[in-house]
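Keep the sequence and the coordinates side by side.

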Amino acid sequence: LVFTFCVGCGDSGAQGDTEQTYNFKLAMSYPTDHADTQAAQRAADTIKEKTNGHVNITIYPSSQLGDYQQVYEEVMMGTIACITLSTTYDSRLEMLTIPYLVSSYDEAVEKFSSGSEYYGLLEGVLNDAGLHPLCIFNDGFMGIGATKKIENATDYTIAHKELLRVPAMDSYIWTAKAMGYNTTTIAYSDLYSALQTGVADGWIGGSAYVNKTSFGDVLKYYVDNKYILELIVGIMNNDKFSTLPEEYQKIINEAFQAEAVTVANDRQKLDDQAMKDMDAAGITVEVPS
């Protein structure tokens, strides 16, 4: 569903000490070669360079540090920070998955960048939970990936027999049901095996790029109905963040926000290419009018 960024403090010295070395862990749901993981690695490299090696972030891809729900809980306890947001503790975070919130990639870049009204609203929600936002990654418009062709996939007036995996979030469950689908909640880390073994016929929660790169060898069908734009949010426990020198705080914020702009600008090209690649690989791709 999401790439999860976790930052876990290692050594900590005097508050705001620019001579102290700070070690962090960054956990991702996506593999090493995914665009988000690469963006996070570039941010980590920039931070290390600009702090003269005093802030070091180690990347853990492919959910090595746990599913996004586990990681988020660790953030709330103050041990690590993450980039995937769970709505379990605050339903207001469903604002990240409002269907058809924007209608184009260009509009998304404007709406979700740091400094926008939307970013400010999200920052307020996160601050209430003791969390500090680092960035919003635009991970593309979502479609339906399935292990078999779905007849009349975009006719939302009929009851579809296919069982779709959804994240354990009301906004996804309600969206899938409104589209006429049966749903089952399965952790993202278990999704590949669920599709492979037939526990689920398909899934919602990812763009064309994610469907191709993470599940392309088990999928037979993809429909690009763009029901939700996936937003991946970088967060860090606010108490941990505030103990860093202000200079380092600024460097960390700017590095991740710069990479968020890069990811947003590249996203449509990645999704368009992914659909071409799926078609070439024999996956039936449906693009609604």
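Strand β6 (residues 163-166) runs parallel to strand β7 (residues 182-185), and four bridges pair them. Strands here are DSSP runs of E, at least two residues long, and helices are runs of H or I of at least four, numbered from the N terminus. Strands count as paired if DSSP finds at least two bridges between them. Leu164 sits opposite Thr183 of β7. From β6 the chain passes through helix α5 (residues 170-178) to reach β7, in a right-handed β-α-β crossover. Right-handed means that, with the strands pointing away from the viewer, the path from the first strand over the helix to the second runs clockwise.

β6 also pairs with strand β8 (residues 202-207), again parallel, over two bridges. Here Leu164 has Gly202 of β8 as its bridge partner.

This is a predicted model: local features need pLDDT of at least 70, side-chain atom pairs count only at pLDDT 80 or more, and totals for chains, interfaces and linings use all residues. Residues are numbered from 1 along each chain as its sequence is written, and side-chain values use heavy atoms, with hydrogens and water left out.

Now turn to β2 and β3. Strand β2 (residues 22-27) and strand β3 (residues 55-60) are parallel and joined by six bridges. Asn23 faces Asn56 in β3. Helix α1 (residues 35-50) carries the chain from β2 to β3, and this β-α-β crossover is right-handed.

Where is the empty space? Rolling a probe the size of a water molecule over the atoms shows where it is left. On a 1 Å grid over the protein atoms alone, a cavity is a set of points where a 1.4 Å probe fits but cannot get out; a pocket is an open set with protein on both sides within 12 Å along at least five of seven lines; lining residues have an atom within 4 Å of a point. Points are joined across faces, edges and corners, and a volume is the space filled by probe spheres set on them.

The largest pocket holds about 160 Å³. Its lining includes Ser29, Tyr30, Pro31, Tyr188 and Phe215. Five lining residues are nonpolar, five polar and none charged. Nonpolar covers Ala, Val, Leu, Ile, Met, Phe, Trp, Tyr, Cys and Pro; charged covers Asp, Glu, Lys and Arg; the others, Gly among them, are polar.

The whole structure has three cavities of 30 Å³ or more.

Finally, confidence. The chain averages a pLDDT (the predictor's confidence in each residue, from 0 to 100) of 89, and 92% of the residues score at least 70.
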